[in-house]
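Please follow the chain through its sheets, its packed helices and a few single residues, keeping the structure in view as you read.

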Amino acid sequence: MNYTSTRDSSVKVSAAYAIATGISPDGGLYVPENIPELTYDELLAMTKAGYKERAVSVLGKYLTDFTEEELRECVDGAYTGKFGGEDIAPVVDIADNRFVLELWHGPTCAFKDMALQLLPHLLTRSVKKTCDGKEIVILVATSGDTGKAALEGFKDVPGTRIIVFYPVEGVSAIQKRQMVTQEGGNVGVCAINGNFDDAQTGVKKIFTNPEIAAELAKHNMAFSSANSINWGRLAPQIVYYISAYADLMNKGVIKNRGEKVNVVVPTGNFGNILAAYYAKKMGLPIGKLICASNSNNVLTDFIRTGVYDRNRKFYTTISPSMDILISSNLERLIYDLSGCDSARVKGWMDSLAATGRYEVDEDVKAKISELFWAGCCDDACTQDTIKDVFVNEEYLSDTHTAVALNVYEQYASAFGRDVPTIIASTASPYKFAPAVLGAIAQDKVSEDEFDMLAALNSVSGMEIPSPLAGLKGKEVRFDRVCDGCEMKETVLDMLGIAE
(Lines give C-alpha, C1' and ligand atoms only; values in the text may rest on other atoms or scores of the structure.)
Protein backbone atom coordinates (compact mmCIF):
# COMPACT_ATOMS: atom_id res chain seq x y z
CA MET A 1 0.00 0.00 0.00
CA ASN A 2 1.27 3.45 -0.93
CA TYR A 3 0.62 6.70 0.89
CA THR A 4 -0.10 10.09 -0.59
CA SER A 5 -0.31 13.68 0.65
CA THR A 6 -3.54 15.46 1.49
CA ARG A 7 -2.18 18.46 -0.44
CA ASP A 8 -0.68 16.68 -3.45
CA SER A 9 -2.24 13.44 -4.67
CA SER A 10 0.69 12.83 -7.03
CA VAL A 11 2.86 11.93 -4.01
CA LYS A 12 3.51 8.18 -3.65
CA VAL A 13 5.52 6.90 -0.70
CA SER A 14 5.72 3.69 1.34
CA ALA A 15 4.31 3.30 4.84
CA ALA A 16 7.86 3.21 6.20
CA TYR A 17 8.75 6.49 4.47
CA ALA A 18 5.55 8.15 5.74
CA ILE A 19 6.32 7.06 9.31
CA ALA A 20 10.00 7.97 9.12
CA THR A 21 9.41 11.49 7.80
CA GLY A 22 6.15 12.25 9.64
CA ILE A 23 4.81 14.96 7.32
CA SER A 24 4.92 15.58 3.58
CA PRO A 25 7.29 18.35 2.39
CA ASP A 26 4.27 20.21 0.98
CA GLY A 27 2.84 20.50 4.49
CA GLY A 28 0.19 17.87 3.86
CA LEU A 29 -0.45 14.76 5.92
CA TYR A 30 0.22 11.27 4.65
CA VAL A 31 -2.85 9.10 4.08
CA PRO A 32 -3.27 5.60 2.65
CA GLU A 33 -4.26 5.53 -1.02
CA ASN A 34 -7.13 3.24 -0.11
CA ILE A 35 -8.75 1.94 3.06
CA PRO A 36 -8.44 -1.85 3.42
CA GLU A 37 -11.46 -4.04 4.08
CA LEU A 38 -12.24 -5.74 7.38
CA THR A 39 -14.42 -8.77 6.70
CA TYR A 40 -16.93 -10.26 9.10
CA ASP A 41 -14.93 -13.49 9.22
CA GLU A 42 -11.82 -11.52 10.24
CA LEU A 43 -13.81 -9.74 12.93
CA LEU A 44 -15.19 -13.05 14.15
CA ALA A 45 -11.67 -14.46 14.35
CA MET A 46 -10.63 -11.49 16.47
CA THR A 47 -13.14 -12.45 19.14
CA LYS A 48 -10.92 -15.45 19.85
CA ALA A 49 -7.67 -13.42 19.86
CA GLY A 50 -5.98 -11.15 22.38
CA TYR A 51 -5.26 -7.47 21.84
CA LYS A 52 -1.78 -8.03 20.44
CA GLU A 53 -3.01 -10.51 17.84
CA ARG A 54 -5.74 -8.09 16.82
CA ALA A 55 -3.16 -5.32 16.46
CA VAL A 56 -0.91 -7.39 14.20
CA SER A 57 -3.90 -8.27 12.02
CA VAL A 58 -5.14 -4.68 11.61
CA LEU A 59 -1.72 -3.07 11.21
CA GLY A 60 -0.76 -5.65 8.60
CA LYS A 61 -3.47 -4.22 6.34
CA TYR A 62 -1.91 -0.76 6.41
CA LEU A 63 1.82 -1.31 6.87
CA THR A 64 2.38 -3.64 3.94
CA ASP A 65 6.12 -3.06 3.73
CA PHE A 66 6.51 -4.60 7.20
CA THR A 67 6.60 -8.37 7.50
CA GLU A 68 4.24 -10.12 9.91
CA GLU A 69 7.27 -11.03 12.01
CA GLU A 70 8.36 -7.39 12.18
CA LEU A 71 4.89 -6.26 13.21
CA ARG A 72 4.68 -8.99 15.82
CA GLU A 73 8.02 -7.87 17.29
CA CYS A 74 6.85 -4.25 17.33
CA VAL A 75 3.54 -5.10 18.99
CA ASP A 76 5.15 -7.38 21.57
CA GLY A 77 7.70 -4.69 22.40
CA ALA A 78 4.96 -2.09 22.81
CA TYR A 79 2.37 -3.94 24.85
CA THR A 80 4.10 -6.71 26.79
CA GLY A 81 4.35 -5.92 30.50
CA LYS A 82 3.48 -2.24 30.17
CA PHE A 83 -0.30 -2.10 30.48
CA GLY A 84 -0.99 -3.91 33.74
CA GLY A 85 -2.05 -7.19 32.15
CA GLU A 86 -3.23 -8.80 28.96
CA ASP A 87 -6.39 -6.67 28.79
CA ILE A 88 -4.68 -3.73 27.12
CA ALA A 89 -7.83 -1.69 26.46
CA PRO A 90 -10.67 -2.98 28.67
CA VAL A 91 -14.32 -2.22 27.96
CA VAL A 92 -16.37 -1.37 31.07
CA ASP A 93 -20.18 -1.54 31.16
CA ILE A 94 -21.53 1.46 33.10
CA ALA A 95 -25.24 0.78 32.34
CA ASP A 96 -27.79 2.23 29.92
CA ASN A 97 -26.02 0.79 26.87
CA ARG A 98 -22.85 2.78 27.64
CA PHE A 99 -19.52 1.00 27.40
CA VAL A 100 -16.38 2.87 28.42
CA LEU A 101 -13.27 1.93 26.44
CA GLU A 102 -10.43 2.55 28.90
CA LEU A 103 -7.33 3.52 26.97
CA TRP A 104 -5.17 4.72 29.85
CA HIS A 105 -3.68 1.64 31.49
CA GLY A 106 -0.22 2.24 30.02
CA PRO A 107 2.93 3.75 31.54
CA THR A 108 1.82 7.41 31.36
CA CYS A 109 -1.87 6.84 32.20
CA ALA A 110 -3.22 8.35 28.98
CA PHE A 111 -4.59 6.99 25.70
CA LYS A 112 -1.53 8.27 23.84
CA ASP A 113 0.36 5.26 25.21
CA MET A 114 -1.68 3.00 22.94
CA ALA A 115 0.18 4.43 19.94
CA LEU A 116 3.30 5.95 21.46
CA GLN A 117 4.55 2.72 22.99
CA LEU A 118 4.34 1.25 19.49
CA LEU A 119 5.60 4.17 17.40
CA PRO A 120 9.28 3.96 18.45
CA HIS A 121 9.39 0.34 17.25
CA LEU A 122 7.71 1.24 13.95
CA LEU A 123 9.84 4.35 13.49
CA THR A 124 13.24 2.77 14.09
CA ARG A 125 12.42 0.01 11.60
CA SER A 126 11.06 2.58 9.13
CA VAL A 127 14.26 4.60 9.35
CA LYS A 128 16.35 1.50 8.57
CA LYS A 129 14.15 0.82 5.55
CA THR A 130 14.32 4.36 4.17
CA CYS A 131 17.15 6.50 5.57
CA ASP A 132 19.47 4.28 7.56
CA GLY A 133 22.34 6.04 9.26
CA LYS A 134 20.55 9.29 10.12
CA GLU A 135 19.75 10.27 13.67
CA ILE A 136 16.02 11.00 13.84
CA VAL A 137 14.90 14.09 15.75
CA ILE A 138 11.36 13.69 17.05
CA LEU A 139 9.71 17.08 17.40
CA VAL A 140 6.49 17.20 19.42
CA ALA A 141 3.90 19.80 20.36
CA THR A 142 1.68 18.70 23.22
CA SER A 143 -1.45 19.85 25.02
CA GLY A 144 -0.46 17.55 27.87
CA ASP A 145 -0.62 13.81 27.24
CA THR A 146 1.24 13.33 23.95
CA GLY A 147 4.39 14.92 25.35
CA LYS A 148 4.90 12.55 28.25
CA ALA A 149 3.79 9.50 26.25
CA ALA A 150 6.24 10.37 23.45
CA LEU A 151 9.07 11.07 25.89
CA GLU A 152 8.50 7.76 27.63
CA GLY A 153 8.18 5.86 24.36
CA PHE A 154 11.38 7.29 22.84
CA LYS A 155 13.44 7.43 26.04
CA ASP A 156 16.95 6.17 25.22
CA VAL A 157 15.83 4.63 21.91
CA PRO A 158 19.06 4.36 19.87
CA GLY A 159 19.32 6.68 16.87
CA THR A 160 16.67 9.11 18.11
CA ARG A 161 16.44 12.45 19.90
CA ILE A 162 13.14 13.91 21.12
CA ILE A 163 12.18 17.51 21.94
CA VAL A 164 8.75 18.36 23.37
CA PHE A 165 7.11 21.80 23.53
CA TYR A 166 4.15 22.42 25.83
CA PRO A 167 2.10 25.55 26.68
CA VAL A 168 3.46 26.94 29.94
CA GLU A 169 0.01 27.47 31.48
CA GLY A 170 -1.91 24.93 29.44
CA VAL A 171 -1.30 21.55 31.09
CA SER A 172 -2.24 20.06 34.45
CA ALA A 173 0.25 20.05 37.33
CA ILE A 174 0.67 16.29 37.03
CA GLN A 175 1.15 16.46 33.25
CA LYS A 176 3.84 19.12 33.69
CA ARG A 177 5.61 17.16 36.40
CA GLN A 178 5.58 14.05 34.22
CA MET A 179 7.39 15.94 31.46
CA VAL A 180 9.86 18.08 33.38
CA THR A 181 11.11 15.08 35.39
CA GLN A 182 11.47 12.82 32.35
CA GLU A 183 14.48 10.53 32.43
CA GLY A 184 16.60 9.63 29.42
CA GLY A 185 19.74 10.86 27.74
CA ASN A 186 18.08 11.75 24.42
CA VAL A 187 15.12 13.81 25.69
CA GLY A 188 14.45 17.54 25.92
CA VAL A 189 11.46 19.55 27.14
CA CYS A 190 10.65 23.24 26.78
CA ALA A 191 7.58 25.30 27.71
CA ILE A 192 6.38 28.05 25.39
CA ASN A 193 4.62 31.29 26.19
CA GLY A 194 1.38 30.59 24.35
CA ASN A 195 -1.20 27.87 23.90
CA PHE A 196 -1.10 24.49 22.19
CA ASP A 197 -1.98 25.95 18.81
CA ASP A 198 1.07 28.20 19.05
CA ALA A 199 3.26 25.19 19.84
CA GLN A 200 1.75 23.09 17.05
CA THR A 201 2.07 25.90 14.49
CA GLY A 202 5.69 26.43 15.49
CA VAL A 203 6.51 22.74 15.14
CA LYS A 204 4.89 22.56 11.69
CA LYS A 205 6.86 25.61 10.52
CA ILE A 206 10.10 24.00 11.66
CA PHE A 207 9.21 20.75 9.90
CA THR A 208 8.63 22.45 6.57
CA ASN A 209 11.56 24.90 6.76
CA PRO A 210 14.17 23.80 4.17
CA GLU A 211 16.94 25.82 5.84
CA ILE A 212 16.49 23.96 9.12
CA ALA A 213 16.30 20.63 7.28
CA ALA A 214 19.58 21.45 5.56
CA GLU A 215 21.18 22.35 8.87
CA LEU A 216 20.12 19.01 10.34
CA ALA A 217 21.37 17.18 7.26
CA LYS A 218 24.85 18.64 7.83
CA HIS A 219 24.88 16.77 11.13
CA ASN A 220 23.34 13.59 9.69
CA MET A 221 19.99 14.30 11.34
CA ALA A 222 16.40 14.37 10.04
CA PHE A 223 13.08 15.38 11.58
CA SER A 224 10.13 13.14 12.29
CA SER A 225 7.01 13.54 14.39
CA ALA A 226 5.33 11.73 17.25
CA ASN A 227 2.19 13.86 17.02
CA SER A 228 -0.86 12.34 15.41
CA ILE A 229 0.13 14.02 12.14
CA ASN A 230 2.41 10.95 11.84
CA TRP A 231 0.60 7.99 10.32
CA GLY A 232 2.50 5.73 12.69
CA ARG A 233 0.57 7.38 15.51
CA LEU A 234 -2.82 7.11 13.89
CA ALA A 235 -2.78 3.53 12.58
CA PRO A 236 -2.44 1.93 16.04
CA GLN A 237 -5.50 3.87 17.21
CA ILE A 238 -7.68 2.14 14.62
CA VAL A 239 -6.95 -1.13 16.40
CA TYR A 240 -8.66 -0.36 19.68
CA TYR A 241 -12.05 0.44 18.15
CA ILE A 242 -12.04 -2.85 16.30
CA SER A 243 -10.87 -4.59 19.48
CA ALA A 244 -13.66 -2.98 21.52
CA TYR A 245 -16.28 -4.19 19.05
CA ALA A 246 -14.84 -7.71 19.26
CA ASP A 247 -15.05 -7.48 23.05
CA LEU A 248 -18.72 -6.46 22.84
CA MET A 249 -19.34 -9.49 20.63
CA ASN A 250 -17.72 -11.66 23.29
CA LYS A 251 -19.85 -10.06 26.01
CA GLY A 252 -23.03 -10.82 24.07
CA VAL A 253 -23.84 -7.15 23.65
CA ILE A 254 -23.51 -7.56 19.88
CA LYS A 255 -25.68 -10.50 18.93
CA ASN A 256 -26.29 -10.10 15.23
CA ARG A 257 -23.99 -9.80 12.23
CA GLY A 258 -23.59 -6.16 11.24
CA GLU A 259 -25.20 -4.82 14.41
CA LYS A 260 -24.08 -1.23 14.84
CA VAL A 261 -22.55 0.67 17.74
CA ASN A 262 -22.10 4.39 18.15
CA VAL A 263 -18.74 5.82 19.20
CA VAL A 264 -18.19 8.93 21.34
CA VAL A 265 -14.74 10.51 21.45
CA PRO A 266 -13.55 13.55 23.44
CA THR A 267 -11.78 15.39 20.69
CA GLY A 268 -9.13 18.07 20.30
CA ASN A 269 -6.75 17.38 17.43
CA PHE A 270 -9.26 14.99 15.76
CA GLY A 271 -6.86 12.03 15.56
CA ASN A 272 -8.69 9.73 17.98
CA ILE A 273 -12.09 10.10 16.34
CA LEU A 274 -10.51 9.95 12.88
CA ALA A 275 -9.18 6.50 13.78
CA ALA A 276 -12.78 5.46 14.53
CA TYR A 277 -13.82 6.87 11.14
CA TYR A 278 -11.19 4.75 9.40
CA ALA A 279 -12.37 1.69 11.34
CA LYS A 280 -15.91 2.40 10.14
CA LYS A 281 -14.75 2.83 6.56
CA MET A 282 -12.93 -0.53 6.80
CA GLY A 283 -16.28 -2.13 7.54
CA LEU A 284 -16.61 -2.02 11.32
CA PRO A 285 -20.34 -1.58 12.02
CA ILE A 286 -20.31 1.92 13.49
CA GLY A 287 -23.41 4.10 13.30
CA LYS A 288 -22.77 7.67 14.43
CA LEU A 289 -19.37 9.09 15.26
CA ILE A 290 -20.07 11.53 18.10
CA CYS A 291 -17.52 14.30 18.50
CA ALA A 292 -17.33 15.74 22.02
CA SER A 293 -15.67 19.12 22.65
CA ASN A 294 -15.14 21.35 25.65
CA SER A 295 -15.60 25.14 25.53
CA ASN A 296 -13.13 25.25 22.63
CA ASN A 297 -15.92 24.05 20.41
CA VAL A 298 -14.51 24.79 16.96
CA LEU A 299 -15.12 21.18 15.89
CA THR A 300 -18.72 21.21 17.13
CA ASP A 301 -19.43 24.25 14.99
CA PHE A 302 -17.63 22.77 12.00
CA ILE A 303 -19.54 19.49 12.09
CA ARG A 304 -22.82 21.37 12.39
CA THR A 305 -22.14 24.03 9.75
CA GLY A 306 -19.18 23.04 7.55
CA VAL A 307 -17.44 26.27 8.56
CA TYR A 308 -14.11 25.98 10.35
CA ASP A 309 -13.32 29.24 12.13
CA ARG A 310 -10.54 29.46 14.69
CA ASN A 311 -11.10 33.20 15.12
CA ARG A 312 -12.68 32.91 18.54
CA LYS A 313 -11.82 33.11 22.20
CA PHE A 314 -9.42 30.45 23.43
CA TYR A 315 -10.41 28.85 26.73
CA THR A 316 -8.04 27.25 29.22
CA THR A 317 -10.17 24.46 30.68
CA ILE A 318 -10.03 21.55 33.12
CA SER A 319 -9.81 19.24 30.08
CA PRO A 320 -6.59 20.75 28.71
CA SER A 321 -5.75 18.05 26.17
CA MET A 322 -8.75 19.35 24.21
CA ASP A 323 -7.79 23.03 24.42
CA ILE A 324 -7.12 23.23 20.69
CA LEU A 325 -8.45 25.50 17.95
CA ILE A 326 -6.47 24.06 15.02
CA SER A 327 -7.35 20.38 14.67
CA SER A 328 -4.66 19.01 12.39
CA ASN A 329 -6.19 15.62 11.62
CA LEU A 330 -9.38 17.16 10.29
CA GLU A 331 -7.37 17.68 7.11
CA ARG A 332 -7.28 13.91 6.59
CA LEU A 333 -11.05 13.64 6.97
CA ILE A 334 -11.92 16.38 4.51
CA TYR A 335 -9.41 14.96 2.05
CA ASP A 336 -11.23 11.64 2.15
CA LEU A 337 -14.71 13.15 2.06
CA SER A 338 -13.80 15.44 -0.85
CA GLY A 339 -13.03 12.40 -2.99
CA CYS A 340 -9.28 12.77 -2.34
CA ASP A 341 -9.27 16.18 -4.01
CA SER A 342 -5.91 17.52 -2.83
CA ALA A 343 -6.34 20.81 -4.70
CA ARG A 344 -9.50 21.62 -2.77
CA VAL A 345 -7.89 20.59 0.51
CA LYS A 346 -4.84 22.74 -0.16
CA GLY A 347 -7.12 25.69 -0.87
CA TRP A 348 -8.95 25.20 2.41
CA MET A 349 -5.70 24.86 4.35
CA ASP A 350 -4.25 27.96 2.66
CA SER A 351 -7.38 29.84 3.68
CA LEU A 352 -7.04 28.60 7.26
CA ALA A 353 -3.43 29.77 7.38
CA ALA A 354 -4.24 33.17 5.86
CA THR A 355 -7.57 34.01 7.50
CA GLY A 356 -8.11 31.43 10.25
CA ARG A 357 -11.21 30.21 8.46
CA TYR A 358 -12.50 27.99 5.65
CA GLU A 359 -15.82 26.52 4.54
CA VAL A 360 -16.11 23.14 2.85
CA ASP A 361 -18.36 22.56 -0.14
CA GLU A 362 -21.93 21.29 0.09
CA ASP A 363 -21.05 17.73 -0.91
CA VAL A 364 -18.57 17.48 1.96
CA LYS A 365 -21.01 19.10 4.40
CA ALA A 366 -23.64 16.50 3.54
CA LYS A 367 -21.23 13.61 4.17
CA ILE A 368 -20.12 15.08 7.49
CA SER A 369 -23.73 15.44 8.61
CA GLU A 370 -24.47 11.84 7.70
CA LEU A 371 -21.45 10.42 9.53
CA PHE A 372 -20.99 12.67 12.56
CA TRP A 373 -22.86 14.31 15.39
CA ALA A 374 -21.26 16.88 17.67
CA GLY A 375 -21.78 18.52 21.03
CA CYS A 376 -19.81 20.42 23.66
CA CYS A 377 -19.88 21.24 27.34
CA ASP A 378 -18.17 23.71 29.64
CA ASP A 379 -16.19 23.09 32.83
CA ALA A 380 -19.20 23.30 35.13
CA CYS A 381 -21.08 20.65 33.14
CA THR A 382 -17.93 18.53 33.02
CA GLN A 383 -17.66 18.52 36.81
CA ASP A 384 -21.39 17.87 37.22
CA THR A 385 -21.02 14.85 34.95
CA ILE A 386 -18.05 13.49 36.91
CA LYS A 387 -20.13 13.70 40.09
CA ASP A 388 -23.32 12.26 38.58
CA VAL A 389 -21.59 9.25 37.05
CA PHE A 390 -19.58 8.63 40.23
CA VAL A 391 -22.65 8.81 42.47
CA ASN A 392 -25.06 6.92 40.22
CA GLU A 393 -22.81 4.40 38.49
CA GLU A 394 -19.86 4.25 40.92
CA TYR A 395 -17.58 5.01 37.99
CA LEU A 396 -14.87 7.68 38.26
CA SER A 397 -13.89 9.46 35.06
CA ASP A 398 -11.33 12.08 34.21
CA THR A 399 -12.33 15.46 32.83
CA HIS A 400 -11.97 14.53 29.15
CA THR A 401 -13.99 11.34 29.48
CA ALA A 402 -16.62 13.35 31.36
CA VAL A 403 -16.96 15.67 28.35
CA ALA A 404 -17.67 12.59 26.21
CA LEU A 405 -20.18 11.25 28.76
CA ASN A 406 -21.95 14.61 28.87
CA VAL A 407 -22.16 14.94 25.09
CA TYR A 408 -23.44 11.38 24.85
CA GLU A 409 -26.31 12.36 27.17
CA GLN A 410 -27.10 15.24 24.84
CA TYR A 411 -27.19 12.82 21.92
CA ALA A 412 -29.24 10.23 23.82
CA SER A 413 -31.80 12.86 24.81
CA ALA A 414 -32.40 13.56 21.15
CA PHE A 415 -32.07 10.09 19.63
CA GLY A 416 -32.47 7.54 22.44
CA ARG A 417 -30.26 4.85 23.95
CA ASP A 418 -31.12 1.84 21.82
CA VAL A 419 -27.74 1.62 20.12
CA PRO A 420 -24.83 0.28 22.23
CA THR A 421 -22.33 3.09 22.55
CA ILE A 422 -18.56 2.94 23.03
CA ILE A 423 -17.25 5.97 24.93
CA ALA A 424 -13.51 6.52 24.62
CA SER A 425 -11.92 7.16 28.03
CA THR A 426 -8.66 8.93 27.40
CA ALA A 427 -6.92 9.42 30.76
CA SER A 428 -6.79 8.28 34.35
CA PRO A 429 -8.78 10.59 36.65
CA TYR A 430 -5.61 10.92 38.74
CA LYS A 431 -3.96 12.95 35.97
CA PHE A 432 -6.51 15.70 36.68
CA ALA A 433 -6.96 15.19 40.41
CA PRO A 434 -7.82 18.81 41.38
CA ALA A 435 -10.74 19.01 38.96
CA VAL A 436 -11.97 15.47 39.63
CA LEU A 437 -11.65 15.88 43.39
CA GLY A 438 -13.37 19.25 43.11
CA ALA A 439 -16.32 17.50 41.50
CA ILE A 440 -16.80 14.75 44.08
CA ALA A 441 -15.23 16.13 47.29
CA GLN A 442 -14.59 19.86 47.01
CA ASP A 443 -13.60 20.15 50.66
CA LYS A 444 -10.55 17.94 50.06
CA VAL A 445 -9.00 20.10 47.32
CA SER A 446 -5.63 21.49 48.43
CA GLU A 447 -2.51 23.15 47.05
CA ASP A 448 -0.39 20.00 47.04
CA GLU A 449 -0.90 17.78 44.00
CA PHE A 450 0.23 14.64 45.80
CA ASP A 451 -2.04 15.28 48.78
CA MET A 452 -4.88 15.43 46.27
CA LEU A 453 -3.89 12.08 44.76
CA ALA A 454 -4.14 10.57 48.24
CA ALA A 455 -7.46 12.32 48.89
CA LEU A 456 -8.91 11.09 45.61
CA ASN A 457 -7.83 7.58 46.50
CA SER A 458 -9.51 7.90 49.91
CA VAL A 459 -12.78 9.18 48.47
CA SER A 460 -13.02 6.89 45.45
CA GLY A 461 -11.22 3.74 46.54
CA MET A 462 -9.59 3.68 43.12
CA GLU A 463 -5.91 2.76 43.22
CA ILE A 464 -3.40 5.50 42.42
CA PRO A 465 -1.49 4.45 39.27
CA SER A 466 2.10 3.69 40.21
CA PRO A 467 3.61 5.90 37.44
CA LEU A 468 1.88 8.93 39.01
CA ALA A 469 2.55 8.02 42.63
CA GLY A 470 6.22 7.62 41.71
CA LEU A 471 6.53 11.24 40.54
CA LYS A 472 6.82 12.55 44.09
CA GLY A 473 10.36 13.58 44.82
CA LYS A 474 11.65 13.13 41.27
CA GLU A 475 14.23 15.68 40.13
CA VAL A 476 13.08 18.46 37.80
CA ARG A 477 15.38 18.27 34.79
CA PHE A 478 13.80 20.80 32.42
CA ASP A 479 12.72 24.36 33.24
CA ARG A 480 13.34 26.13 29.95
CA VAL A 481 10.69 28.53 28.59
CA CYS A 482 10.71 30.27 25.19
CA ASP A 483 8.43 32.38 23.02
CA GLY A 484 6.86 30.86 19.93
CA CYS A 485 9.15 32.90 17.67
CA GLU A 486 12.16 31.37 19.41
CA MET A 487 11.29 27.71 18.82
CA LYS A 488 13.62 27.28 15.83
CA GLU A 489 16.64 28.58 17.75
CA THR A 490 15.61 26.55 20.79
CA VAL A 491 15.54 23.32 18.79
CA LEU A 492 18.97 23.91 17.25
CA ASP A 493 20.39 24.84 20.64
CA MET A 494 18.96 21.76 22.36
CA LEU A 495 20.42 19.60 19.59
CA GLY A 496 23.81 21.26 20.09
CA ILE A 497 24.02 22.51 16.50
CA ALA A 498 23.15 26.20 16.94
CA GLU A 499 25.31 28.59 14.96
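Predicted model: local features only at pLDDT ≥ 70, side-chain atom pairs only at ≥ 80, totals over all residues.

Val137 stands opposite Phe223 in β9, and this pair belongs to the 5 bridges that join strand β6 (residues 135-141) to β9 in the parallel sense; two strands are said to pair if DSSP finds at least two bridges between them. Residues are numbered from 1 along each chain as its sequence is written, and side-chain values use heavy atoms, with hydrogens and water left out.

The sheet that holds β6 and β9 is an open one of 5 strands in the order β9-β6-β7-β8-β16, with parallel pairing. Its edge strands are β9 (221-225) and β16 (481-483), each of which pairs on one side only. From one strand to the next the twist averages 30 degrees, where angles run from 0 to 180 degrees between N-to-C directions and axes are lines fitted to C-alpha atoms, for helices over the stretch in contact. Helix α7 (residues 145-154) packs on this sheet, touching β6, β7 (160-167) and β8 (187-193), and its direction makes about 165 degrees with that of β7; contact here means heavy atoms within 4.5 Å.

A further open sheet is formed by 6 strands in the order β4-β5-β15-β10-β11-β14, and its pairing is mixed. Because β4 (91-93) and β14 (372-376) stand at the edges with a single partner strand each, one side of each is left without a neighbour in the sheet. The twist in this sheet averages 25 degrees from one strand to the next. Strands of a sheet pair through backbone hydrogen bonds, either parallel or antiparallel.

Strand β15 can be followed to its partners on either side of the strand order. Strand β5 (residues 98-102) runs parallel to β15 and is joined to it by 5 bridges, with Thr421 of β15 as the bridge partner of Arg98. Strand β10 also runs parallel to β15, over 3 bridges, and there Val263 stands opposite Ile422. How many residues of β15 are buried? The count is 5 of its 5 residues, buried meaning under 20% relative accessible area, exposed over 50% and partly exposed in between, with a 1.4 Å probe and protein chains only. Thr421, Ile423 and Ser425 point one way from the strand, whereas Ile422 and Ala424 point the other way.

Leu405 lies in helix α18 (residues 399-415) and is buried, with a relative accessible area of 2%.

Two packed helices are described by the angle between their axes and the distance between the axes. Helix α8 (residues 173-180) and helix α20 (residues 449-460) pack at an angle of about 120 degrees, with their axes 10 Å apart. That angle makes α8 oblique to α20, given that under 35 degrees counts as roughly parallel, over 145 as roughly antiparallel, 65 to 115 as roughly perpendicular and the rest as oblique. Ala173, Ile174 and Arg177 of α8 make the contact with Glu449, Phe450 and Leu453 of α20, and these residues divide into 4 nonpolar, no polar and 2 charged. In this classification Ala, Val, Leu, Ile, Met, Phe, Trp, Tyr, Cys and Pro count as nonpolar, Asp, Glu, Lys and Arg as charged, and the others, Gly among them, as polar.

Lys48, finally, is found in the loop between α2 (40-46) and α3 (51-62), and at 71% relative accessibility it counts as exposed. Although Lys48 and Asn250 are 202 residues apart along the chain, their C-alpha atoms are separated by 8.5 Å.

Technical notes:
Helix = DSSP H or I, 4+ residues; strand = E, 2+ residues; numbered from the N terminus.
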